[in-house]
Amino acid sequence: MIKRTLLFFLLVSLSITVLSFIKDSKEPGNKQQKVIKTIVIDPGHGGSDAGARGQYSYEKDICLAVSLKVGAMIEKEFPDVKVLYTRKVDSYPALHARANFANENKGDLFLCIHVNSAPSQRKSELTGYKTVTYYVGKGKNRKKKTKEVPQYRYYTVPSAAKGTETYIWGAGKQDDKELAVRENASMLKEENYKETYGEMDPTSPEFIALSLLKTKQYFKRSATLAGFVQDEFVKVGRVDRDVKQRPVGIWVLQATAMPSVLVETGFISNPEEEKYLNSEEGQVEISACIVRALKKYSNWLEEKQEEEKKDEKEKDKEKTTNGQSATAETRKFLEDFDKKEKKLRGE
Ligand SMILES: [Zn+2]
């Protein structure tokens, strides 16, 4: 009896182990993710462009230090992801060179690291009164008088602004982004792309429709990642200044043919945050937040791809009953394009 019970428990525990192993292998976190292959990190400013200045530090140095930490953490957490940097030293690559670098390396994500700054406020304080002598009238009527004039001390105080914000390109820049997507379609880089792709002419309506679709997809992805980044900052107690769209000033965000975000990691103009941004603990905390957000993003992308696959199957059923619609045609085109792109990359 004892032996039988023992055998029973042994069998149960064995099957639990086997089952959990099977289940684990299906979980997205446990298998190597395939959705992100290359991340291009862009540490803001550099070289002669110091960026914002604090009381004792420069933005460019914090950008580089945080970027290198983020990159090292990505390499540890995602061993299959290639991490590239637009700069690894105190130099200034031109903005177009940064965008070209990301496009040429077919990045799946462009991540800009910056530090924010707000102008200090000019204030005044009454320090006392000064007696000033003056005269009124002329000749015999000339009289000496005095008056009290208030005296002020003028000084500046650092802005109280603090916290993080993450930017995506402005909605008004969607056309520029679409152009970057179209011009950098990997198939166009092929020498004999016409022979390979036949009717896929970059000026054709299908091609433009495709790059518009891709642009919309990149926008959704960028906004989602930006939201995840802010969520992680909130969890460690940073002040949340939200996901924002900046219509001007972040040219690289719309010049890169991939999802792209710019993280403003804190305010160098705020003495408390300047200290945090320059500290090892601060930099590690910021980097860990960004990498945790990237993990969520990669899981989200994988889920999304699974959904899309299911949708495709549903739509295929529809197609057979309703005939091929215009959207189905575009979807087919997109699918073929992705297949060819994957083939080119040797997947
Ligand atoms: Zn900056």
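**Reading the strands, sheet and core**

Q: In the hairpin of strand 4 and strand 5, which residue takes a positive phi, and how many residues stand between the strands?
A: The hairpin has six residues between its strands, and Gly 137 takes a positive phi near 80° there. Helices (H or I, at least four residues) and strands (E, at least two) are DSSP runs numbered from the N terminus. The model is predicted: local features need pLDDT of at least 70, side-chain atom pairs count only at pLDDT 80 or more, and totals for chains, interfaces and linings use all residues. Residue numbers start from 1 along each chain as its sequence is written.

Q: How many bridges join strand 4 and strand 5, and in which sense do they pair?
A: Strands pair through backbone hydrogen bonds, either parallel or antiparallel. Pairing requires at least two DSSP bridges between two strands. Strand 4 (residues 121–136) and strand 5 (residues 143–157) are antiparallel, with 15 bridges. Within this pair, Lys 123 stands opposite Tyr 155 of strand 5.

Q: Is strand 4 covered or in the open?
A: A residue is buried with 20 or more other C-beta atoms within 10 Å of its own, exposed with 12 or fewer, and partly exposed in between, the C-beta atoms being placed from the backbone. Of the 16 residues of strand 4, zero are buried, so the strand lies largely in the open. Strand 6 (residues 164–169), by contrast, is mostly covered, with six of its six residues buried.

Q: Which strands are the partners of strand 6?
A: Strand 6 runs parallel to strand 7 (residues 240–246), joined by five bridges. In that pair, Trp 169 stands opposite Arg 246, and Ile 168 has Gln 245 as its bridge partner. Strand 6 also pairs with strand 8 (residues 260–267), in the antiparallel sense over three bridges. Here Tyr 167 stands opposite Leu 262.

Q: What is the order of the strands in the six-stranded sheet?
A: This open sheet has mixed pairing and the order 2-1-3-8-6-7. Strand 2 and strand 7 are at the edges with a single partner strand each, so one side of each lacks a neighbour in the sheet. On average, neighbouring strands are turned by 20° against each other, direction ignored. Helix 2 packs on this sheet and touches strand 1, strand 2, strand 3 (109–116) and strand 8. The direction of helix 2 makes about 140° with that of strand 3. Such angles, from 0 to 180 degrees, lie between N-to-C directions of lines fitted to C-alpha atoms, for helices over the stretch in contact.

Q: Which residues have the most contacts inside the largest nonpolar core?
A: In soluble globular proteins, nonpolar side chains tend to be buried together. A nonpolar core joins buried Ala, Val, Leu, Ile, Met, Phe, Trp, Tyr and Cys residues through C-beta atoms within 7 Å. The largest here has 51 residues, and those with the most contacts inside it are Ile 39, Leu 111, Ile 113, Val 229, Val 261, Ile 290 and Ala 293. Helix 9 (residues 280–322) gives the most to this core, with seven residues. Leu 111 touches Ile 39, Val 40, Ile 41, Asp 42 and Val 261, leaving aside residues up to four places away in sequence. Contact means C-beta atoms, placed from the backbone, within 7 Å.

Q: Where do Lys 106 and Asp 242 lie?
A: Most residues other than glycine have a negative phi. Lys 106, with a positive phi near 50°, lies in the loop between helix 3 (95–104) and strand 3. Lys 106 is partly exposed because 18 C-beta neighbours fall inside 10 Å. Asp 242 lies in strand 7 and has a positive phi near 80°. With 11 other C-beta atoms within 10 Å, Asp 242 is exposed.

Methods: Contact = placed C-beta atoms within 7 Å.
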